[in-house]
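This report covers packing and charge pairing. Have the coordinates open as you read.

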Amino acid sequence: MADTELAQAQEAISPVGVHSPTSIKPHRLNNHALACALLASTNSILLGYGKPNFTFLSFLVGNDIGVMSGAVLFIKENLEISSTQVEILVGVLNVSSLIGSLASGKTSDYIGRRYTIVLAATTFLIGALLMGLAPSFPFLMAGRVIAGVRVGYSLMIAPVYSAEISPAMARGFLTSLPEVFIVFGILLGYNVNYALSGLPQHINWRLMLGLAAIPSLLIGCGVIAMPESPRWLVMQGRLDDAKQVLIKISDTIQEADFRLSEITKAASSDHLDSSSAKWHGHGVYKELLLRPSRPVRRMLIAALGINFFMQASGNDAVIYYCPEVFKDAGIHSKKMLFGVNVIMGSAKTSFVLFSALFLDRFGRRPLLLLGSAGMALSLAVLGMGSKFLEHSNSKPMWAIVLCVVAVCGVVSFFSIGLGPITWVYSSEIFPLRLRAQGSGLAISVNRLVSGVMSMTFLTISKKITFGGMFFVLSGIMVVATVFFYVFMLETKGKTLEEIGALFEDKNAEASIDDGREMG
């Protein structure tokens, strides 16, 4: 659409008497926006559900060579595959999710946010069915690859969609819901795996993997009833459709009018002219990587940095290899190991809910700094406890309890800060035309570092001991805390259109607030 058309549309829809976003900011959460964000985020249950499938069985079968390999012992015996094939099977998810995250941004710019969510659910349905019904290793690999692509898509699209339909004052809560559902999926997976572990080996692993097809089918059908992102509709020149969606997800007509005015202004500043009426995301990677402006460079550093440190923190590796850590600490009872996982899961769930509920009150920076500093301290305590147990023959109970508390501290502080805020921040800081592909690029770094951590954690730990590894991770989190303090700007309460101004000028936040007061 032409810039003049956007300006005319903006003038036509701007209500009389509305001079500042303060006057139309909602005082309560819109039910329709909440329902849309919940449904989009439900897709993340499947990501969380998939994690325990390859972790829980490790201490159930008492394998000592590593949790990721041990978790697929039933598959190895049933399909008679080699150890090399097992390693490929476990590691291929990170490779395919990396591909999925890179492709997700372009896809969502082309077909829309809503149908990208449907596509993600469909690919996981196919992947789950292939894995659950796999008669041989190639079919199992195909299902694992397809499921991995879906992981990459879901990690990008759920937060971006939620951010684009959310009012500014509730965006932190709604955009952090994917992390809440990931945690819920992990708990669901542990319970399902525990319930099915007593079945014959040729059945239990198939049910564990194949049952994920049921929620993915329900999610895919439910998402069809969701509205499209109003910001994507504006990029396609569909202003009337965008306004209808905004009326549904806003409390008043005035609020909907103002939000549409802001979005059309942002589209105009992004140079989405008449030649781009059906804009499909062309040229974004070139702008992000080859010739970024100073504000875009600052956004990219912040987004890539938070995604890098999310996985470099070692949180996922600590969860994956938790049974090995506690076996090394002297806990060998399967019942006690399961109890520790329940305690850890409960702590993770409680604190991710706390963060989601208070993210819009306290802000991104305070919770992120608290979480990263708390992780650094917890990992240091875990390292000291592990080092003591390594050199102790008696394995005193106080040291074991200290390690359990420290692990719970690691996952709790992660759930306060990096867990939910990574998705929130990655999806809100990029301007309209760069948002989906910029977020996808950042999440591809997330997936890459996740793969490196999962494949090297145990090997490095055997070289320098678990205690030494935890000290290294503690040092990484100290660096992360400094990085967040320097590069992460506060976005609480700002509209997506206002956030771009924060990265253009360090004094922009004060200017925005002053403008609101004058309005």
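## Around Ile429

Ile429 is in contact (heavy atoms within 4.5 Å) with Met299, Ala302, Ala303, Thr491, Ile499 and Phe503, leaving aside neighbours within four places in sequence. This is a predicted model, in which local features need pLDDT of at least 70 and side-chain atom pairs count only at pLDDT 80 or more, while totals for chains, interfaces and linings use all residues. Residues are numbered from 1 along each chain as its sequence is written, and side-chain values use heavy atoms, without hydrogens and water.

## Nonpolar core

Ile429 is also among the residues with the most contacts inside the largest nonpolar core, as are Leu140, Leu418 and Phe484. That core has 128 residues. A nonpolar core joins buried Ala, Val, Leu, Ile, Met, Phe, Trp, Tyr and Cys residues through side-chain atoms within 4.5 Å. Helix 25 (residues 435-487) gives the most, with 16 residues. Helices are DSSP runs (H or I, at least four residues), numbered from the N terminus.

## Salt bridges

The whole structure holds 12 salt bridges. Each puts a side-chain nitrogen of Lys or Arg within 4 Å of a carboxyl oxygen of Asp or Glu.

Arg171 pairs with Glu428 at 2.7 Å between the closest N and O atoms. Arg171 sits in helix 10 (residues 171-175) and Glu428 in helix 24 (residues 418-428), 257 residues apart. Arg171 is buried at 1% relative accessibility. Glu428 is buried too, also at 1%. Buried means under 20% relative accessible area, exposed over 50%, partly exposed in between (1.4 Å probe, protein chains only).

Asp109 and Arg113 meet at 2.9 Å, N to O. Both are buried.

Conventions: Helix = DSSP H or I, 4+ residues; strand = E, 2+ residues; numbered from the N terminus.
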